[in-house]
Amino acid sequence: MQFDLILFIDSSMVLTLLVLIIGGLLTLIAGQRSETAGKALASLSLIGAIVLNVLLLLQVQNGGSVSQSYVWLSGDLGPIMTLGFLADGLSIPIVLLITGLGLFSVMFSFVYMENLKNPGLYYSLMVWFIAAMVGVIYATNLMQFFLFYEVMLIPAFILVYLYGVSEDSAKRARNALQFWIWTAAGGLVSLIAVFIIFSNTGSLEIISLDTMTYLDTSSIATETAKLIGLIFLLGFGIKLGLVPLHVWAPPVYGEAPMPVLVLLSGAMTKTAAYGVIRIVIPLFGSALSTYSTGLMVISVITMFYGAMLAIAQKDLKMMLAYSSISQLGYLMFGYSTMTLIGVSGAAFQLINHGVLASLMFFCAGAIKLKTGTMKFDKLGGLAPKMPYLATIAVIGSLALAGTPPLSAFAGEWMIFAGAAQLAVTSGAIEVLILTVLAVVATGLTAAYYLWFVRRVFSGPLPADLENVSDPPKTILFIGVVLTIFVVVVGVYPWLLWRWMHPVLEMFAGLLVGG
């Protein structure tokens, strides 16, 4: 019986994908007849995926891992290409982030997405979108990674196109197509790097599941390795929305309905961030270390550009959209340091930003649901009317500003510590200046989030909002759960860090201070 349980847990990665893919299909079929059935099946599929991955997480304590491999293409001399799945302390928390946010997005849709056209299609697309992202995170083969990476764009594109907020179908189509072209281009750019790797090494395996070692790229010429790394960063940078590759993000964030936007900002961008830490840094970190300063410049520009435009917005949703772009600059800043503590902080912040960005988008959706607007000049004085939501929004705002002892503080501290370490070891004054500027950017974050709190929850209450009250319990439940995570992980970061740290140490030798 014990052997069967272990075998079941070891198969959880494939079972997760099957549960989500089949669950999405059943949701589509049942949802045609009953919206309630579609909602139930979508929720059950995601709950099943979460349970499977919680079991996996318990299996990989103390730096362990679980892997599976299946031959996909084979020739006379043996396997040509395999499908590999790896669950460890880095991939499982990100999958739990994606599936957890997916479940909350579906639950949020129950009360936010009223009068849905074809609810079965909507909920099935949400589940399939999540399934594709899970496939990206668990992949150990480069071609498999990019197969899922591109497939996830299909449900995302349809969701934006069919369920976007614009009444003008031409505008919805234009925004959705812009999203498709830019993000698909990002994947195709990265695919060029995959082909160069294969031509130089004869392998597409990111990690060998037999030896649990990363692909040996030492045979690749240094200049070629630099080129491959930069191509990957260009491709991942597009999907992350780094400046100046962010062109697709503002119109799509403005177009997407709030539950879909949560997945785009809180989950989809994290697949690109994961690609950097799983592929680029362990394979090409040494070669790219000479570009650390340049990459840090791009990161700081992204921080300030997003923050300044967030301050200028008159609409809460767009403020959060530009804030998300700015916050992703911190992740790239941590990666750019090429130090163990800086990269570790970025990995930690990957989870934190997913939770915090989603929390704030849920709050914005709740405000829109109860007031009918997200325009700052039409809001104000809502704290007495919505005390629970106001409390949640204030905590989320303080956390995103890096306030201790909330969750983002630990991640930002490690990122800045990594940059300071690089400044000391390299003796480069420009790195020190960039570090100071990055710290200053957190002040801008605090400024526009506190201004958001002031404009929405303080001041005079507009006459037409006299009867406003807190949002439904479903939304408050989502907000409370995410807020508890923010507080608990902030007070005791080791609860999350204990899983991630052993994995990051695997390529510590490639990084400064490793």
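The following legends describe close-up views of a predicted model.

In this model, local features require pLDDT of at least 70 and side-chain atom pairs pLDDT 80 or more, while totals for chains, interfaces and linings use all residues. Residues are numbered from 1 along each chain as its sequence is written, and side-chain values use heavy atoms, with hydrogens and water left out.

**Figure 1. The overall fold of the protein.** The secondary structure comprises 19 helices and four strands (DSSP runs numbered from the N terminus: helices are H or I of at least four residues, strands E of at least two). The radius of gyration is 22 Å, close to the 24 Å that the globule rule gives for 514 residues, so the protein is as compact as a globular protein of that length (radius taken over C-alpha atoms; rule, 2.2 Å times the number of residues to the power 0.38). Of the 514 residues, 60% count as buried (buried means under 20% relative accessible area, exposed over 50%, partly exposed in between; 1.4 Å probe, protein chains only).

**Figure 2. The surroundings of Thr337.** Thr337 is placed in the loop between helix H13 (316-336) and helix H14 (340-371). With 0% relative accessibility, Thr337 is buried. A polar atom of its side chain lies 2.7 Å from the backbone oxygen of Gly334. Beyond its neighbours within four places in sequence, Thr337 is in contact (heavy atoms within 4.5 Å) with residues including Ser292, Met296, Ile415 and Leu422.

**Figure 3. The pair Phe146 and Phe236.** The whole structure holds 23 aromatic pairs (rings of Phe, Tyr and Trp, the last by its six-membered ring, with centres within 6.5 Å; planes under 30 degrees apart count as stacked, over 60 as edge-to-face and the rest as tilted). The ring centres of Phe146 and Phe236 are 6.2 Å apart and the planes are at 15°, so this pair is stacked. Because Phe146 lies in helix H6 (residues 142-151) and Phe236 in helix H9 (residues 222-240), the pair ties together parts 90 residues apart in sequence. Phe146 is buried at 4% relative accessibility, and Phe236 is buried at 0%.

**Figure 4. The pair Phe452 and Phe457.** The ring centres of Phe452 and Phe457 lie 5.9 Å apart with planes at 75°, so the pair is edge-to-face. Both residues are buried.

**Figure 5. An aromatic cluster and charges over rings.** Phe145, Phe146, Tyr149, Phe232, Phe236 and Phe284 form one aromatic cluster. Lys239 lies over the face of Tyr149, 3.6 Å from the ring centre (a charge sits over a ring if NZ of Lys or CZ of Arg is within 6 Å of the ring centre and within 35 degrees of the ring normal). Arg498 lies over the face of Trp499, at 4.5 Å from the ring centre.

Key. A polar contact is a pair of N or O atoms within 3.5 Å; within protein, one must be able to donate a hydrogen and the other to accept it, and residues adjacent in sequence count only if both atoms are side-chain atoms.
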